[in-house]
Amino acid sequence: MKTHHYIFLTTALFAIVFYNQDIGLNLGILGIVYAVLTLFKTSGKNRTKTLYILLTTSVVSSLAFAWYGDFSSFLAEVSSLLLLAYISGNRKLKILFLIPVFVVNCCTSFCRFFDFDRWIPTRKFPGFWQKTLAFILIPLVLLSVFFGIYSVVSNHFAALFTDYELDINLWQLFYLSVLGFFIAFNYWNYAVEKIIYKNNHFLDNDFSEASKIQKPTYSFLDLDSERISGVISFFSLNILLIFFIITYNYEQFYEISKTPIQLSEETHERVNAVIMSIMMAILVIMFYFKGGFNFDPKAGLIRILAKIWIFLNAVLVLSAALKNYEYIVHYAFTYKRLGVFAFLLLAMIGLILTYIKIQKKKRNAFLFNSMTWFLYGTVLACSYINWGGSITSQNMKRKDFVINYHLNAVRFSEKALLRYAEEKNNQKLKKEILHKINEEKNKTILSKIIYYQTIK
């Protein structure tokens with residue numbers, strides 16, 4: 001199939017699966033179709049290991065959305081499909097260019113639509129398809145557009161058609177077709193600007209031979225001065241960080257107990273401070289370990305001091321994680337408290353990647369390229385696991401279990417709450433849960449969320 005075949009096929013599918021439907025199973029089906037068609041459209045040289053991994057995550061993310069239908073699974077499905085489309089056509093382009101490419105394409109799609117030679121073949125169609133296009137499709141599109149314009153302007157004109165029983169919502173079908181075409185057109189027919197190809201090498205992970213030449217970073221600072229500045233800076237920062245870790249842990253674990261509200265505020269403030277500290281630490285290391293300085297044979301001491309600083313920052317992360325765990329033990333699991341662990345884990349990964357950058361003498365772009373993939377992996381983890389069910393199952397074991405919070409604020413906790421209602425013989429709670437489940441089960445098939453269909 002050619003590009004225009006993929007565009008028209010997925011546009012029609014989009015209109016069909018979303019007509020008179022809520023978002024649910026239909027978006028999962030659409031995502032799987034997009035993923036499979038992308039594999040068929042991808043040329044042999046671009047069918048790399050990365051492509052097959054993204055194909056798998058795209059299908060699994062689509063299934064996750066069909067199962068849960070929440071924002072995290074939606075984000076996982078969309079990001080997986082965008083990455084799949086991007087890699088299928090540009091296997092050598094860096095992942096960091098993904099967002100600029102698709103933003104630019106969305107903004108220029110109206111102009112690119114009229115460049116028919118780029119996405120519709122110039123050769124003549126076979127007789128049947130030529131007549132179908134000329135006699136049916138083009139007149140039908142023009143008729144639909146002008147019908148909509150005239151209907152808005154004249155109520156009497158619109159009444160000529162609305163007085164008849166026609167079980168088709170033409171406006172909805174029109175809007176869905178336009179939206180479906182916009183998505184399909186930008187997915188199957190995106191373009192990469194030349195400036196992105198020209199600047200792709202700036203995001204390489206490894207240094208070129210020319211970059212390994214020893215030279216000062218700035219004209220006002222010679223190489224020896226820059227090296228000594230790094231030694232002094234990292235030595236001072238290490239001393240400062242050691243004192244901060246001591247005071248930080250003393251305040252967290254040995255001071256007088258606070259009220260739950262005070263403890264919550266202080267915990268989040270300190271975790272935010274730790275994450276900000278880690279980000280600044282990585283930026284400082286990136287500032288010194290750039291260009292030919294990575295290959296300076298006299299930079300052994302600054303390299304050791306930087307690694308010590310990374311280790312001390314890792315101790316700081318572990319301290320914050322331990323305090324967050326203690327907080328959970330005392331006051332139960334919540335989404336935010338699990339999110340703190342996720343942020344701290346990403347901070348630790350950032351430190352590990354920074355250590356690898358120094359040890360393996362990688363460019364700063366290595367950190368951004370690698371962290372982007374880890375962020376993507378975090379999105380996938382958030383969408384594949386029923387965190388709400390896990391939170392409820394764990395908190396049910398507590399004496400201070402708050403039913404209303406888990407019923408109204410925690411998603412996909414119904415299975416655990418049903419067990420709890422049966423154990424406690426709480427008929428009111430059971431009735432509320434079953435009412436909520438039945439509302440989901442009574443939706444039309446394409447609007448259903450599979451999770452609720454598995455609850456008996």
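Colleague: What is the handedness of the crossing of α11 and α13?

Modeller: In general, two packed helices are described by the angle between their axes and the distance between the axes. In this structure, which is a predicted model, the crossing of α11 and α13 is left-handed. The axes of α11, residues 223-253, and α13, residues 300-331, come within 9 Å and cross at roughly 15 degrees. The two helices are therefore roughly parallel to each other, because angles under 35 degrees count as roughly parallel. By class, the contact of α11 with α13 has 21 nonpolar, six polar and three charged residues.

Colleague: At roughly what angle do the axes of α3 and α15 cross?

Modeller: The axes of α3, which spans residues 49-68, and α15 cross at roughly 30 degrees and come within 9 Å.

Colleague: Let us turn to charged side chains. How many salt bridges are found in the whole structure?

Modeller: The general idea is that side chains of opposite charge can pair when their charged atoms come close. A search of the whole structure finds seven salt bridges. One of them joins Lys323 and Glu326, whose closest N and O atoms are 2.9 Å apart. Both residues lie in helix α13, three residues apart, which is about one turn of the helix.

Colleague: Is Lys323 buried or exposed?

Modeller: Lys323 counts as buried because its relative accessibility is 9%, and the word buried is used for values under 20%.

Colleague: Which residue forms a salt bridge with Glu414?

Modeller: Glu414 forms a salt bridge with Lys436, and the closest N and O atoms of this pair are 2.9 Å apart. Glu414 lies in helix α18, residues 414-424, while Lys436 lies in helix α19, residues 427-441, so the pair ties together parts that are 22 residues apart in sequence. Glu414 is buried, with a relative accessible area of 1%, whereas Lys436 counts as partly exposed at 29% relative accessibility.

Colleague: Which side chain meets that of Lys443 in a salt bridge?

Modeller: The side chain of Glu440 meets that of Lys443, with 3.3 Å from N to O. Here Glu440 is buried, at a relative accessible area of 15%, and Lys443 is partly exposed, at 27%.

Colleague: Where is Lys362 found, and which side chain does a polar contact join to that of Lys362?

Modeller: Lys362 is found in the loop between α14, residues 335-360, and α15, residues 365-384. A polar contact of 2.8 Å joins its side chain to that of Asp206. Although Lys362 sits in a loop, the residue is buried, with a relative accessible area of 18%.

Definitions and conventions:
Residues numbered from 1 in each chain as written. Predicted model: local features only at pLDDT ≥ 70, side-chain atom pairs only at ≥ 80, totals over all residues. Heavy atoms only, no water. Axes fitted to C-alpha atoms, helices over the stretch in contact; angles between N-to-C directions. Helix = DSSP H or I, 4+ residues; strand = E, 2+ residues; numbered from the N terminus. Parallel < 35°, antiparallel > 145°, perpendicular 65-115°, else oblique. Left-handed = near helix turned anticlockwise from the far one by under 90°. Nonpolar A, V, L, I, M, F, W, Y, C, P; charged D, E, K, R; others polar. Salt bridge = Lys/Arg side-chain N within 4 Å of Asp/Glu carboxyl O. Buried < 20%, exposed > 50% of the residue type's maximum accessible area, 1.4 Å probe, protein only. Polar contact = N/O pair within 3.5 Å; in protein donor to acceptor, adjacent residues only side chain to side chain.
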